[in-house]
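Here is a short note for a colleague opening this entry for the first time. Please keep the sequence and the structure in view while reading.

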Amino acid sequence: MNTWDRYELKENAKVAIKLNYWKTVLAGLIIASVTGGLFYLQGLTSIEKNVQATEIANFTTFLVRSPKYTHFKTGFGFTLLFIGTFVILQLFQTFILNPLEVGSNRFFIGCLSGRPQVREICFSYDNGYQSCVKVLFLRNLYIALWSFLLIVPGIIKSYEYMMVPYILGDQPEISCSEAFALSKKMMYGRKWNAFVLDLSFLLWDILGILTFGIVTFFYVIPYKQLTHAGMYQELKGSSVNNL
C-alpha cells in the first residue's frame, strides 16, 4: 500500500516554516492567548493525547474505588470539585479548542501551499460550527472509551480518527459517519507509519522540555503541525478521491 515518505514530509515542513515562520508563530501565540496556553494540546501527538485520556480514566477509577477516600466528608467535596472542573474543561475543549483545532489545521495546510491566512484559525466558527463540535466531541468520546479498555486500543483508535479534523476543514458540514469513515479509509494500513512519524519528533519534544517550552512554541509545534498537514495532503491526493 502506498504511503508517505517521512523524510520528505519533514523536509517540506521545514521549508514551509522558513517561508512562513512569523505567521506560524503568530498563529500559535493567538491561540495561546485565547486558550491560556493550551495551544500545546494542538501539538500533542496521538500517543500523548491517548495517554492523557488514560490517566484521567485511571484517576477517576481510583477516586471511586478507594475505600479510605470515601470515609472522609471532605472527600465528597473534593470529588464534586474534580467533577466540576473536569466538566468545565470538557466544555471548553468541545466548544472552543476543538473548532480551533480544525482552524489551525486548515491554516497550516495553507502554509504548505504558500497562501497562509491567519484568519483561517477561526474558520470553524463561521463554517459548520455545530457539525465540528458534534463530530470532534464524538471523536474524543470514542477515544476515551477505547482507552478504558487499555492504552493500546485507544492509541489505535486515535490514529484511525487522526484525519477527522482535517476532513472537517475541507467539508465543514460533513456528517459524523462520513467523517469517521473517510478518516478510517485514509488511515487504513497507515496507522503504524503515523506512529513512527510521531516518534521521530521525540528528541524535539525533549529539547522543548529542556528549554521550558520555548523551542516547543517557537518551532516544534509548527514543525509537527506542518508535517501532519503534509501527511493529510498526501493521503487526500492518493487515497480519497471524493474530498
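1. Start with a loop residue. Phe 212 sits in the loop between helix 12 and helix 13. Its phi is positive, about 55°, although Phe 212 is not a glycine. Is Phe 212 buried or exposed? Phe 212 is exposed, with a relative accessible area of 79%. Bear in mind that this is a predicted model.

2. Now the overall fold. The chain has 13 helices and zero strands. Read along the sequence, the pattern is therefore α-α-α-α-α-α-α-α-α-α-α-α-α. The chain has 243 residues, and 44% of them count as buried. Take the contacts between residues at least 6 apart in sequence: 74% of these join residues at least 24 apart. The accessible surface of the chain is about 13000 Å². Carbon and sulfur atoms account for 66% of that surface.

3. Next, the core. The largest nonpolar core has 45 residues. Which residues have the most contacts inside it? They are Met 163, Val 164, Leu 168 and Met 231. Several helices each supply at least two residues of this core: helix 1 (6-35), helix 5, helix 7, helix 8, helix 9, helix 10, helix 11 and helix 13. Helix 5 gives the most, with seven residues.

4. Leu 168 deserves a look of its own. Set aside its neighbours within four places in sequence. Leu 168 is then in contact with Val 102, Phe 123, Ser 131, Cys 132, Val 135, Leu 136 and Ile 174. Leu 168 is also among the residues with the most contacts inside the largest nonpolar core.

5. Helix 10 covers residues 176-187, twelve residues in total. From its first C-alpha to its last, helix 10 reaches 17 Å. That is close to the 16 Å expected at 1.5 Å a residue. What follows helix 10? Gly 189 does, with a positive phi near 75°.

6. Which residues of helix 10 are buried? They are Cys 176, Ala 179, Phe 180, Leu 182, Ser 183, Met 186 and Met 187. These residues cover an arc of only 160° around the axis, so they lie on the same side of helix 10. They pack against helix 7, helix 8 (151-160), helix 9, helix 11 (191-199) and helix 13.

7. Glu 160 is a charged residue to check. Glu 160 lies in helix 8. Its relative accessibility is 9%, so Glu 160 counts as buried. Neighbours within four places in sequence are again left aside. Glu 160 is in contact with Ser 183, Lys 184, Met 187 and Lys 191.

8. On to charge pairs. Side chains of opposite charge can pair when their charged atoms come close. How many salt bridges does the structure hold? There are six. One of them joins the side chains of Arg 139 and Glu 101, at 3.1 Å from N to O. Arg 139 is in helix 7 (residues 129-149), and Glu 101 is in helix 5 (residues 73-113). The pair links distant parts of the chain, 38 residues apart. Arg 139 is buried, with a relative accessible area of 7%. Glu 101 is buried too, at 6%.

9. Another salt bridge joins Asp 170 and Lys 236, with the closest N and O atoms 3.2 Å apart. Asp 170 lies in helix 9 (residues 164-170) and Lys 236 in helix 13 (residues 214-238), so the pair ties together parts 66 residues apart in sequence. Asp 170 is partly exposed, with a relative accessible area of 32%. Lys 236 also counts as partly exposed, at 29%.

10. Last, Asp 205 forms a salt bridge with Lys 224. Their closest N and O atoms are 2.8 Å apart. Asp 205 is in helix 12 (residues 202-210) and Lys 224 is in helix 13. The pair links distant parts of the chain, 19 residues apart. Are these two residues buried or exposed? Asp 205 is buried, and Lys 224 is buried as well.

Technical notes. Residues are numbered from 1 along each chain as its sequence is written. This is a predicted model: local features need pLDDT of at least 70, side-chain atom pairs count only at pLDDT 80 or more; totals for chains, interfaces and linings use all residues. Side-chain values use heavy atoms; hydrogens and water are left out. A salt bridge is a side-chain nitrogen of Lys or Arg within 4 Å of a carboxyl oxygen of Asp or Glu. Helices (H or I, at least four residues) and strands (E, at least two) are DSSP runs, numbered from the N terminus. Buried means under 20% relative accessible area, exposed over 50%, partly exposed in between (1.4 Å probe, protein chains only). The expected span of a helix is 1.5 Å times one less than its number of residues. The arc is that of the directions from the helix axis to the C-beta atoms. Contact means heavy atoms within 4.5 Å. A nonpolar core is a set of buried Ala, Val, Leu, Ile, Met, Phe, Trp, Tyr and Cys residues joined through side-chain atoms within 4.5 Å. Accessible areas come from the Shrake-Rupley method with a 1.4 Å probe; for residues, only the protein chains shown count as cover.
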